[in-house]
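Dear colleague,

I am passing on to you the structure shown below, together with its sequence.

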Amino acid sequence: MKITINGQERDLQGLDEQTPLLWVVRDELNLKGTKFGCGMGLCGACTVHLNGEAIRSCITPVGAVKGQEITTIEGIGSEENPHPLQVAWQQFNVPQCGYCQSGQLMSAHALLQRNANPNDAEIVSAMSGNICRCGTYPRIKKAIKSVAKTGDSMVQEVQP
């Protein structure tokens, strides 16, 4: 089975198609930015993009994404070339424990891809499926709004 992750086609020989995408990303492809949270698609820690839309990788069988484009946190930016959202996350001191942040960033990125200038209600709605036990929601909203105001949300994707 072949899937495309962060712009690279990957051949996954002998893999059970019912294997959750999260385990393929983390264990088979060694992309550790995507986190395991609840395992039921409820917390958003495992959020990745499927064709640009935020999905929960812990409940998505890898067989369901054959031939489609998957993007992980590693695909939107890097330490050397961070995405504007990642820069804003740092500017607004969003992360505390940091565990949920890759999922938060992926949901925020998907939001800005479909709505470059969301209002507060749209941000709250789009981010409602991502849980942050540290309670950084106000800073997340400020970071998203700062990127939306600059219009940098459409900055090119970074290939690993």
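Of the contacts in the chain between residues at least 6 apart in sequence, 61% join residues at least 24 apart. Please bear in mind that this is a predicted model. Asn6 sits in the loop between strand 1 (2–5) and strand 2 (8–11). Because its relative accessibility is 3%, and buried means under 20%, Asn6 counts as buried.

As to the overall form, the chain contains five helices and five strands, and their order along the sequence is β-β-α-β-β-β-α-α-α-α. The C-alpha trace spans about 45 × 30 × 25 Å along its principal axes. A compact globule of 160 residues would have a radius of gyration near 15 Å, and the chain, at 15 Å, agrees with this. Buried residues account for 48% of the 160 residues. The accessible surface of the chain is about 7900 Å², and carbon and sulfur atoms contribute 49% of that surface. The chain carries 14 positive and 15 negative side chains, with the centres of the two sets 10 Å apart.

Helix 3 deserves a separate paragraph. This helix comprises residues 101–114, 14 residues in total, and reaches 20 Å from its first C-alpha to its last, close to the 20 Å expected at 1.5 Å a residue. Twelve of its 14 residues are buried, so helix 3 is largely enclosed by the rest of the structure. Those buried residues are Gln101, Ser102, Gly103, Gln104, Leu105, Met106, Ser107, Ala108, His109, Ala110, Leu111 and Leu112. Which elements provide the cover? They include strand 3 (47–50), strand 4 (53–56) and strand 5 (69–71), along with helix 2 (84–91), helix 4 (120–127) and helix 5 (137–150).

Helix 2, which is among the elements covering helix 3, has buried residues of its own: Pro84, Leu85, Gln86, Ala88 and Trp89. The cover over these residues includes helix 3 and helix 5. After helix 2 comes Asn93, which has a positive phi, near 50°.

I hope that this account is of use as you begin to examine the model.

With kind regards

Conventions. Residues are numbered from 1 along each chain as its sequence is written. This is a predicted model: local features need pLDDT of at least 70, side-chain atom pairs count only at pLDDT 80 or more; totals for chains, interfaces and linings use all residues. Side-chain values use heavy atoms; hydrogens and water are left out. Helices (H or I, at least four residues) and strands (E, at least two) are DSSP runs, numbered from the N terminus. The expected span of a helix is 1.5 Å times one less than its number of residues. Buried means under 20% relative accessible area, exposed over 50%, partly exposed in between (1.4 Å probe, protein chains only). Contact means heavy atoms within 4.5 Å. The radius of gyration is taken over C-alpha atoms; the globule rule is 2.2 Å times the number of residues to the power 0.38. Accessible areas come from the Shrake-Rupley method with a 1.4 Å probe; for residues, only the protein chains shown count as cover. Lys and Arg count as positive and Asp and Glu as negative; His and the chain ends are not counted. The place of a charge is taken as NZ of Lys, CZ of Arg, CG of Asp or CD of Glu.
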